Structures are given as structure tokens and as C-alpha cells.
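This briefing gathers what can be read from the model by topic. Please keep the sequence and the structure in view while going through the points.

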Amino acid sequence: MNTVQNFEIFAPKLVDRKEYFSAGHRACQGCGEVLALRLLLKGLGDDVVVANATGCMEIVSSAYPQTAWLNPYIHVAFENAAAVGSGVEAGLKALRRKKKIADRDVKTIAIAGDGGTADIGLQALSGAMERGHDMIFFCLDNEAYMNTGIQRSSATPFMAATTTSPAGIAIPGQRTGKKNVPEIMVAHKVPYVATACPSYPIDLINKVKKAKAVKGPAYIHIFSMCPTGWRCASEITIKLGRLVVETGVFPLYEVENGKYRLTMEVPEKLRPVGDYLKPQGRFRHLKPSDIETIQERVNREWEILLNKVECMQPW
Amino acid sequence: MGKRIGMEVGIAAAEAVALCNIDVAAVYPITPQSHIAEHMADIIHDGRIDAEFITVESEHSSISACAGASATGARVYTATSSQGLMLMHEILPIVSAMRLPVVMGNANRAVSGPLNIWNDHGDIMPQRDSGWICLFTENGQEVIDLSIMAFKIAEDPEVMLPCVVNIDGFQLTHMIEPLEFPTQAQVNKFLPDRKPYATLHPDNPVTMGCFNMPDIFTETMKAKDTALWNSKKTIVKVFSEWGKQFGRKYNVVETYKAKDAETLILTMGSMGETASIAVDEMRKAGRKVGLVKLRLWRPFPVEELRAAIKGAKTLIVMDRAISFGGAGGPVATEIKSFLFHDKGRPRIVDFLMGLGGRDVTVEDFIAMVERAKKKKDETYEYYGVRE
Amino acid sequence: MAKKKTEQKKWPEKWHEVTPGCMVFEPGNAANYKTGSWKAQRPILDKQKCIKCGICYIFCPEACIQEDAEGFFVADLGYCKGCGICAHECWPGAISMAEEVE
């Protein structure tokens, strides 16, 4: 039984029971990223080929001779998920056209972490999106290079402590803000760009289905809670995912052909950002003045997004 | 003999690959490979073959895209040179470890720094550990023949390894030569459709690109090394089949007037032709000089080399690449290492020459043979360097 | 000679038992590895309170919570890592975490 079309209500038990990522994987207890992966694979369903980058999901799933993947899967290196995916897409296209494989749609997807998307993987991603391959790129963003031991990435939020942006006496954590990759994707004129969070599973799955239906490139940026890297209790993973959305730190929206649309209910006033920051060890060094600074930045970014929702026209 | 036409060798390389009914080409331009890339684009954009042409944004992405496409079962080709090959360096051992039969044309060019767009072997030598089958061509006809054979070798179920065909940049890629092309029907007969070992398709899901823990990695490495060594059997077999079908027989080690030679010159790539003219002149002057040409570099054809150099007193190795601060040129170092224990082996002289496009003439070869006579030890030397 | 897929050994030891390219031909065979030994606490379901909504099923990162014959969602303790997400998210508070006993 399929899906969650026409779901206005939150009914998780009606989500398709088929699993595409087997238990027995070696992710940490309470890993939000593997949950994001599990949900996006459910949203995609059958007839998918996965090109994955080196990272947490690759390591926890594919220690030879075992694999947690039920889909056809390829991993090559860290920075080239989008390039490998481009090759897979082109190969499947050519073989189908030349009648060497079955004549039916098979979707290519590429998955990478925030490092493999926004930093070392940015070139390949940009090239693939510009060329317009029929491919969905998923960024599973846990806001640091988690697999190698919690080093900072360009997706690490302002003032977060990581091992290469530690909360030191002279410099308190990450000095720059989060790189806005969805915006870079919109600038590439990617027809479907969205942000998602596994704490909102139906919204995530719906977005994945929309992306799958696009005949061309699509990009989904999925917030991936990481209790290990963020130094918080494993059971509050889902709660943190809700807080990050309710405080406006990671808004849920989609951009269809340039038209911005929020996919979350907009409160009159955003929840105070301190509610989201306080349960996380990576922010424990923040002084009240720092939290105010962050609140101002969040408010400003939220305003900018609301402007885009109001003003941007489809191209 | 069939009809011969005059064509630039780089263009001919693309034409030869087009005959092979490739499915995907992912290429990034770099001098002096660019004519291969451009002509490949012409062929595909004119619809002469049905293939996907991925205009990637860097060489790292071109080899990555080739890996992805090859994994779906497609026949793939790429071409590069020098800095591009260096940029691919990270991925090359992965492609061979994953047993993907990608074929690559490499227009040999010096590597930076400083920047030098002209011909030497400094780009392919750093890739010798990568596990790719590595072939060298001497003239345009060999480029056509070996490019087609490369697919058959790489895709053979006993091999399943990527293969690079080296073509000296400018010295060979930009030469216009009289060339004979096999017909499409002949190539179809010689090279049937690829039958992949495993493919990425939901009808039969596989996982490719697992990681290895320490407890199994050594075994995986030996398996890959063994596969590369065993590929020589197939290479010899494919050369023989080509000889039967087209009348041009190739060997992993070619010889020219080497049988009774006391002094042998060893070359790789296009300068073999110049060296053979030098050998002819020296023979006319009564000297027993011969020529050995390595066509296969990886896996190293040590048995065939032994047979070719038997009886010679001196082996002059022409190296067109350097390992700085090391034992000398890669080819001489490799040969010295293999022959270390051989009784009665020839004295090995190592000349570094033809670097960065510096021309090597018939007179130069004759001068090197003279110089070799005077050399007392086996250390390497830069031929022709201005002191 | 390339190994036929049917000859893939479950735990290759010798070098010639390694599949070409370290390919794995059994999708999902990671299920042979029981991660249940990782947990320090285990979920306990109070069926009186459970409303069979499936929240725990959708939020379990291990995908180890399945619906039983009666419609209750029960965790497979062979894989459950004891993260506590199900207990934390359960609306009616039907799941509680208890310390794992040997």
C-alpha cells in the first residue's frame, strides 16, 4: 500500500511499511541522519539507484561483506557523489535508449553529507545541476564533518563548537554562519529545491515524491540531528528537529521554478532560539549576549525568507 | 591493404572510439587532448553514434562520471592529459579496485610545475601504482588499433580492469598520418556488446564500493594485483585475434633488429620510430645496435623483456619522466629492479631525455649510444642538459 | 576468473574469496548483525496506554519497530539500540525506558 498523498492529518502508521535500509546498520543510537535516510528512501520507493558519498551513512551501511542498502548502490569517493550520479544517470539513459536495459523509469539519486555537498562536493554538485541531469541530490546536513570526528563544515552554525572550531578562550566556536546551499541551488535554476526535517516525516516524504516526479534536477536539504556531534541526549533527537523549525533556525520551505513557499505553519512570533540552543552541548559556552546575537541573526534570515516567499516570481 | 586516409591522430582516436559503439563519454578538455574531446563532441552532436556526452566541470568529475556510468553496464570512454590526469589521481585506484572497464586516452604531457604543455611521460608515471592496464602507442595506426582493442581487453570477464592508452601529446596527437580504419562491421565482429559482471539496476540490486576493515584489506589488494597480472594473458590473446582479423600483429614488447644486438635502446611511445631510424644508420656503420619497445607498461611484461634483451651487453633505457631524489627514471628503475638477480644481464644505462617536449632526433640517439659506451656506472643522467 | 555471484562467501577470508570490487550481492544482509547488544536501556510497552498510532514506528532510526498481529507497535530488541526516541515521542506515554539487564 502506498503513500501519503492527500494526507492533511498526521498518520504515521499509514506510511508504506516497506524498508529500503535494513536494521543492523552501525549508526549511533538516536541518529537523526539515518532516520532522514530511512524516510527519504521510503518516499522514493522502488526503481531508484543510489550514488552515495563517503560519510556517516556510507560507513555505517557498507562494511564489506555486509550492506544495509536494498537499492542498487554505488560509493566512489567523498567529493564526487554528484559526478558519480551524473554518470549513473547518463549510463541508464543511454542504455535504455539503446534498448540494452528495460524500458522503464529508474531514478538516480545522489546523497552526501554537508561536507560532501557544500564544501568538497560543491563543484561536482554545481556541475551536475547546471547540466540538468534527471537526478535528485539529497544533502543530509548534520552541520559538521561528523564521520571524521565532528570537524566544522561551512554548514556548521554560527558559534557552534566543533573540533576545528572549538569554543576557546580567544575564539568562541564557529566564526561564520551557515552556507545557504538551497539558495545556491535556486541560483542554478534547479526546478525543485526544498528543505526538510525528519521530525516532520510526512512533509519530508511528500517533498521527496515531488522531487521524484521532476524530469530534471531536484535538490532536497535535510536537517539531520546528531546527538553524538551536538552533545545532547539521544532521545531528544526528534524534539530538536521540531525546535529547529519552530525557532526559525531551519525553516521548512520549497522553491518550485523559483517560487518560494513555506511548508510549515507560520507562528505569529518565532519561538525563542534559546529553547533550541540550550539542550545542545555544542552551544553550552554561549553567554546570554551570544544568544541575543544569534536571535537577531535568525530574525533577520527569517525576514529575508519571508520577503522571498512574498516577492519571488516563478521564472 | 585497405584504403588509407590522411587524418590527424587525435581526431582518429575519437573516430576509432566512435566505431566501438560507446554509450557514455565524459570528457574535460586539456591541451593537447582537446582535439579528441572536440571531435568526440562533433560525432555525438551530429548523431553519428548514440551516446551520452557529459561535459563535466573537471577531470575529477569526468573519471567519477565514467565510474558511475560504467557501473550501470555502459561502455564508457574518457580522455585527458597531464594536470587532468593528476586531478584524476584520487579516483584511478578506485576505478580499478571496483573492476570497472573504463577506457581512457591519455595525451602524454609534462606535469606542472612549471607549466609545460608539451610532450613527455611525466603524467602517466605517477599513475603506475593505480592498478590500470597501461599501453603505449607509437603511431596513428597503433592509436586506432589499440583504442579499439582496449575495450575488448578491459571488458573481458577474465580481466574487468580499466585501461589507459597513451598517445604522445603533440608529437603524436597532432600529427597527420596515413591511417587505415576498420569498417563498422569489422569492429562489431571484433568487439561485441559489453556483458557486464554486475550492474546498477533495481532488477538485481548490488552494493558497489564497500569499505574494508584491516582484517580483509590485504586479501582485497592481492586479489586486485593478481587480476592485473593475469590480464596479460588476455592482452596477448586480443593482440593475436586482431592480428588474425586485420593483419597487424602487436606484441607486448616489440623488437627491431634486436636479435644479435650488443647494445639495445629501449623506448616507449612515439620516439620508437625515430630510434629505429637511428638503429638503421648505426647498423649501416657496422654497429650491432638494436631497439626494444615496451608497448605494455602495466602489467609489466618481464618475461617478454628478458627474451628481447637476451645476449645484449648494454641496455640504454630512454626515460621521459623523473622520480626526483630517487633512483632515476621510472622505466629504468623498474627494469633494474626486475633484472636485479638475473645472471648475465646487460649493463643498464638510464637517460632522462625528451622532457617537456624537447625534441629527440636521430643524431641524439646516436650520441646517446656513444655516451653510454663511456659511462662507467648505472646512475641516471639528463641527456643534453646544458651544464 | 571472475567469481560467479552464487559463490559469494558470507565472511570471505582467503584472497580469492573476496568478490570482484568488494561487491555485495545480498541487499540488506547487514541484518545479520544484531545491534541489540549496544543498548543500555530497553523500551517497555504498556499496551493499555498504546493508541496504535505508529509514531514510534516512523521515528525509529533502526526501523526495528513493527506492527504485531494485534496492531501494537513493538520494538525488535535484537536491533534496538535503546536510544529512547520512541519513549520520548510517544504521545500517551505508553513506552518507558528501563535499564537493560544482562
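This is a predicted model: local features need pLDDT of at least 70, side-chain atom pairs count only at pLDDT 80 or more; totals for chains, interfaces and linings use all residues.

- An open sheet of 9 strands runs in the order β8(A)-β7(A)-β5(A)-β6(A)-β4(A)-β3(A)-β1(A)-β2(A)-β9(B), and its pairing is mixed; its edge strands, each of which pairs on one side only, are β8 (259-262) of chain A and β9 of chain B.
- Strand β2 (residues 73-75) of chain A pairs with β9(B) in the parallel sense over 2 bridges, and Y73(A) stands opposite T207(B) in β9(B).

**The side of chain B that touches chain A**
- Contact between the two chains involves 40 residues of chain B and 42 residues of chain A.
- On the chain B side, the elements that give two or more residues are β2 (24-26), β3 (52-54), α3 (59-71) and β9 (207-208), of which α3(B) gives the most, with 9 residues.
- By class, this side of chain B has 22 nonpolar, 12 polar and 6 charged residues.

**The largest nonpolar core**
- The largest nonpolar core has 271 residues, of which I222(A), V24(B), A67(B), C163(B), L264(B) and I316(B) touch the most other members.
- Leaving aside neighbours within four places in sequence, A67(B) is in contact with V76(A), V84(A) and G87(A) in chain A, and with I91(B), I94(B), V95(B), M98(B), L100(B) and V102(B) in chain B.

**Helix α6 of chain B**
- The 16 residues of α6 (residues 140-155) should span 22 Å at 1.5 Å a residue, and because the end C-alpha atoms are 23 Å apart, the model agrees with that expectation.
- The helix α6(B) is mostly covered, as 15 of its 16 residues are buried.

**The domains of chain C**
- Chain C is divided into domain 1, covering 1-33, and domain 2, covering 35-102.
- Taken over C-alpha atoms, the centres of domain 1 and domain 2 of chain C are separated by 33 Å.

Terms used
Residues are numbered from 1 along each chain as its sequence is written. Chains are lettered from A and ligands numbered from 1 in the order in which they are written. A nonpolar core is a set of buried Ala, Val, Leu, Ile, Met, Phe, Trp, Tyr and Cys residues joined through C-beta atoms within 7 Å. A residue is buried if 20 or more other C-beta atoms lie within 10 Å of its own, exposed if 12 or fewer, and partly exposed in between; C-beta atoms are placed from the backbone. Two residues are in contact if their C-beta atoms, placed from the backbone, lie within 7 Å. Domain bounds come from an automatic or database domain assignment. Helices (H or I, at least four residues) and strands (E, at least two) are DSSP runs, numbered from the N terminus. The expected span of a helix is 1.5 Å times one less than its number of residues. Ala, Val, Leu, Ile, Met, Phe, Trp, Tyr, Cys and Pro count as nonpolar, Asp, Glu, Lys and Arg as charged, and the others, Gly among them, as polar. Two strands pair if DSSP finds at least two bridges between them.
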